[in-house]
Amino acid sequence: MDVIVAGGSPAGLMTAALLDAAGVRAEVGERGSEPARQSRGTAMHPRTLEVLTMIDAGDGRRISDVPLTQGQWVPDAHCTGLPGLSGYRGPDTPFPFTLTLPQWGTEHAPAVYLDARGVRERHGAEMTTAGQSADEPRVQASAAWHTTRYLIGTDGAHSMVRRAAGTGFGAHSTSWLARTSNTGRRDAASPAWNRSPRAPAARTHMQRTASRSSRP
Ligand SMILES: Cc1cc2nc3c(=O)[nH]c(=O)nc-3n(C[C@H](O)[C@H](O)[C@H](O)COP(=O)(O)OP(=O)(O)OC[C@H]3O[C@@H](n4cnc5c(N)ncnc54)[C@H](O)[C@@H]3O)c2cc1C
């Protein structure tokens with residue numbers, strides 16, 4: 001295998017799709033036994049949508065077409081939902097808006113592409129250790145070792161790959177807690193508690209915004 005991608009959420013699925021589109025053999029290992037359904041990302045910004053247009057769905061469409069049909073187009077909004085943070089009329093983009101849809105909708109587009117292309121996405125494959133053999137990276141998943149030319153870590157905030165590579169990451173502790181839920185959808189998942197890593201600037205901004213909006 002040319003590339004093993006650890007983690008099968010938006011970054012991992014898109015990485016594998018872009019590699020496949022470029023003719024590189026890749027496979028994805030995801031520890032979840034099935035695609036996640038809890039509330040996480042709900043909005044895509046213009047540059048993300050532009051990346052989705054880079055991949056041909058194989059039926060005359062781009063993989064961006066389905067999310068663009070399913071999501072809501074919200075002008076001048078940021079993914080946090082706070083108004084007035086972004087204006088997309090200035091940048092040169094065909095998508096001057098934020099597209100809101102649940103993260104599983106975002107993941108669906110590259111997952112369908114990978115499936116159609118026969119690119120393997122293994123669920124229930126937690127990668128527990130990574131290292132380097134003579135001249136190749138290797139990774140352990142479900143007790144078996146796999147060698148690959150490249151190992152890509154898209155395994156989230158507590159990345160095993162980043163830890164194995166000795167690459168640091170500045171955000172380890174939780175500084176605030178938010179409750180999110182999906183409402184008004186037939187396919188709504190259960191409410192989920194989501195923790196966000198330390199983000200003093202964002203927190204300050206949200207506090208200021210909250211106090212402004214509470215004025216009469
Ligand atoms: C409440 C909330 C709201 C958010 N809203 C937005 C938003 O509107 N827009 C936005 O862009 N972002 C938003 N985010 C951030 C969003 O979660 C990320 O943008 C997105 O999930 C990042 O995708 P990712 O693929 O990098 O990581 P993740 O979604 O974290 O995926 C990592 C994947 O790796 C898997 N994994 C982890 N360890 C291993 C392992 N050892 N072996 C195998 N698999 C492993 C996990 O199971 C997971 O599927 C939000 C986050 C939260 C918590």
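Biologist: Which element supplies the largest share of the shell around the ligand?

Modeller: In this predicted model, the largest share comes from helix H1, with 3 residues. H1, S2, strand S11 (174–180) and strand S12 (192–197) each supply at least two residues of that shell. The shell holds 29 residues, and the closest of them are Gly7, Ser9, Gly41, Cys79 and Gly156.

Biologist: How do you know that the span of helix H1 agrees with its number of residues?

Modeller: H1 runs over residues 10–21, which makes 12 residues, and at 1.5 Å a residue it should span 16 Å. The expected span is 1.5 Å times one less than the number of residues. After H1 comes glycine 23, whose phi is positive, near 85 degrees.

Biologist: What covers the buried residues of H1?

Modeller: The buried residues of H1 are Pro10, Gly12, Leu13, Met14, Thr15, Ala16, Ala17 and Asp20. Their cover includes strand S1 (3–6), strand S2 (26–30), helix H2 (46–52), helix H4 (103–117) and strand S10 (150–153).

Biologist: Why is leucine 49 called buried?

Modeller: A residue is called buried if 20 or more other C-beta atoms lie within 10 Å of its own. Leucine 49, which is found in helix H2, has 20 other C-beta atoms within 10 Å, and therefore it counts as buried. Leaving aside neighbours within four places in sequence, leucine 49 is in contact with Met44, Ser64, Phe95 and Leu99.

Biologist: What makes S6 and S10 the edges of their sheet?

Modeller: The sheet is open and has 4 strands in the order S6-S2-S1-S10, with parallel pairing. Strand S6 (121–123) and S10 each have a single partner strand, so one side of each is left without a neighbour in the sheet, and that places them at the edges. From one strand to the next, the twist averages 20 degrees. H1 packs on this sheet, where it touches S1, S2 and S10, and the direction of H1 makes about 170 degrees with that of S2.

Biologist: How do you know that S1 and S2 pair?

Modeller: Two strands pair if at least two bridges are found between them, and S1 and S2 are joined in the parallel sense over 4 bridges. Alanine 6, for instance, stands opposite glycine 29 in S2.

Biologist: Why is S2 described as largely enclosed?

Modeller: In S2, 5 of the 5 residues are buried, so the strand is largely enclosed by the rest of the structure. Ala26, Val28 and Glu30 point one way from S2, while Glu27 and Gly29 point the other way, and all are buried.

Biologist: Which residues form the covered face of strand S8, and which the uncovered one?

Modeller: In S8 (residues 137–141), Pro137, Val139 and Ala141 form the covered face, whereas Arg138 and Gln140 form the uncovered one. In a regular strand the side chains alternate between the two faces of the sheet.

Biologist: What are the partners of S8?

Modeller: Strand S7 (residues 127–132) pairs with S8 in the antiparallel sense over 5 bridges, and the two form a hairpin with 4 residues between them. S8 also pairs with strand S9 (residues 144–147), in the antiparallel sense over 4 bridges.

Notes. Residues numbered from 1 in each chain as written. Predicted model: local features only at pLDDT ≥ 70, side-chain atom pairs only at ≥ 80, totals over all residues. Buried ≥ 20, exposed ≤ 12 C-beta atoms within 10 Å, placed from the backbone. Contact = placed C-beta atoms within 7 Å. Near = placed C-beta within 6 Å. Axes fitted to C-alpha atoms, helices over the stretch in contact; angles between N-to-C directions.
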